[in-house]
Amino acid sequence: MTTTIGKVESMRSVFGKKLAEITQSDSMVVTLDGDLGNSTRLATIEKEVPEAFYQMGIAEQNMICVAAGMASVGLQPWVCSFATFLTKRTYDQLVVSIDQTMANVKLCGAYSGLLTSNTGKTHHSLDDIGLMTMLPNMTVIAPGDANETRAAMEAMYNYNGPVYIRLTRAEDIPNFTTDQSFTIGQGKVLEEGTDVAIITTGSMTYQVIKAVKILKNKGLSLYVLHLPTLKPIDSEAIIKAAKQTNYVFTVEEHYIRGGLGSIVAELLSEEYPTTVIRIGVQNEYSECGKNESLLDKHGLTPEKISGRIISKVYN
Amino acid sequence: MSKQLITIATEIRKGIVETVYRKQQGHLGGPLSVTDILTALYFHEMKVDPKNPGWEERDRFILSKGHSGIAQYVTLAKKGYFPEEELLTFDDLGTRLQAHPDMTKLPCLDFSTGSLGQGLSAGVGMAIAAKRLDKNFYTYVVIGDGESQEGQIWEAVNIAQKYNLDNLIGILDLNGLQQFGWTVSDEEQSEDKRVRRAPEQRALEKWQGFGWQTFEVDGHNFNQLLSALQSARTDKNGLPKMIIAHTVKGKGVSFMENQYEWHSKSPTNKEYEQAMDELNSILLSFKSKQRQNTSIEVKPS
């Protein structure tokens, strides 16, 4: 399959619009904001469905448990904040009140990864995949484009249980997925080749698609597996990718520890021992900078990703 | 048939001591301080049906100070939610009666707790949901004074006031002690060197200052408790309610009262016998008083 690139839609704008549609169609769905709605675009609900919008203020721990209490009475709350505050600041509340009770709460981590409008390390979320996939009852989704975000949100709405969705603020990702429906736990093969498997998730899949063009020019045959669900993980698709190729790389806008790279390496070490090269943020804190500079510094531009793969394969 | 709340509460205290003694694990101090509050709620105040625990219109209850779970379990058993024999499974592997309340195991629990400071927020969520869904149930949340050191309590307090949750009724089990706490100054030091204090001061002013309607009662006096609960329920004035209940940790067993060590300690044979003797004598003395004057009527359960 060759990836076709569609129009650019902002993930956060689609997030706001889709959630407004859901709240309009179902009065049991409510939204909770941690005073960031104008950034995350949860503000769309305040504007279009004000009775479904609850402002919880700058108090994330309370917000998480309020959502759990609402869910226990039958509502379906969607809680939205910056990914770093939504996960780290409330972790015990997420464990005890959401995950242990299996509350039907949807957690929306906006501004995940490095691209947070130049706000620096306090606002970067590079550990949320690790934190959230660690929770036994949690489902974790990181869509790759706006179209997939829309489809994933519909799947989240129809799923009964806690779900975390990791969204990027980047606004230059064109739609490369075309599916109208989303199956939780299913990976998508974007390229089928035999030399190198690149396994990606979320915002990095588009960077990988661009890297693939560079790599093809170097004569490599690429296998690209996009994993928009990190838990439950599509083990079969990962093993298949490893079996069909000679090298496995993972790419994520996250620490290489605890995220996609760890998940793939852990799985393959037991099921099909393979060397896994993890591309992502190393053991260090990030800093402020423009999107392009940050991706470059952490080796996540198409040029850096392809360069890393070439140096490994042709070395 | 009507029962006296004091009799029920004393029976619940016996059940708590009995269970912790038999299992040689669990908490005692907090469960004994909150017993009368639970008795007032389950045997008089709350609209609940033990035969239909999932009834959608039922009042909701959250024991935010989840380490007092044994007190709730004994209360639920006395109320008829499950057989009292099940109390002996408390804390065992596979039990529905987990050390801290678990709604996924015991369906008659409205929420799971155990990590302090979270239950009031969940209560805020239930109260908002009730208003949104036009339901008339009330949400009752019991918190501890030690628990109120958690900042999240005060996050919840703000939002409850913001959303005019007059269908949310909190009860502060203010027993003045916690698991370990602080040493007291020389001037405050009583003869008993084991006394340590929780720092909760001016609770009433704090809750008032956050815009809640407050009541202050002796948490072991049923007339006061019932009267405050009734006012809290009927004052539809847009204000969330907090009943500050002054209680005694370890209430009902002389050597456990006001002793922080009894937060979680298991009685020896001798201590168990003495505790049960004391609780039985409360039952006896109350029965003799009852012959003279019966003043507290309880709804049939």
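This is a predicted model: local features need pLDDT of at least 70, side-chain atom pairs count only at pLDDT 80 or more; totals for chains, interfaces and linings use all residues.
**A walk through chain B and chain A**

Residues are numbered from 1 along each chain as its sequence is written, chains are lettered from A and ligands numbered from 1 in the order in which they are written, and side-chain values use heavy atoms, leaving out hydrogens and water.

Of the 301 residues in chain B, 57% are buried, meaning under 20% relative accessible area (1.4 Å probe, protein chains only). Chain B holds eight helices and seven strands; these are DSSP runs numbered from the N terminus, helices (H or I) of at least four residues and strands (E) of at least two. Its C-alpha trace spans about 55 × 50 × 45 Å along the principal axes.

Now turn to chain A, where an open sheet of five strands runs in the order β7-β9-β8-β11-β12, with mixed pairing (two strands pair if DSSP finds at least two bridges between them). At the edges lie β7 (188-191) and β12 (276-281) of chain A, each pairing on one side only. Strand β11 (residues 247-255) of chain A pairs with β12(A) in the parallel sense, over five bridges. Look there for V251(A), which stands opposite I279(A) in β12(A).

How values were computed. Buried means under 20% relative accessible area, exposed over 50%, partly exposed in between (1.4 Å probe, protein chains only).
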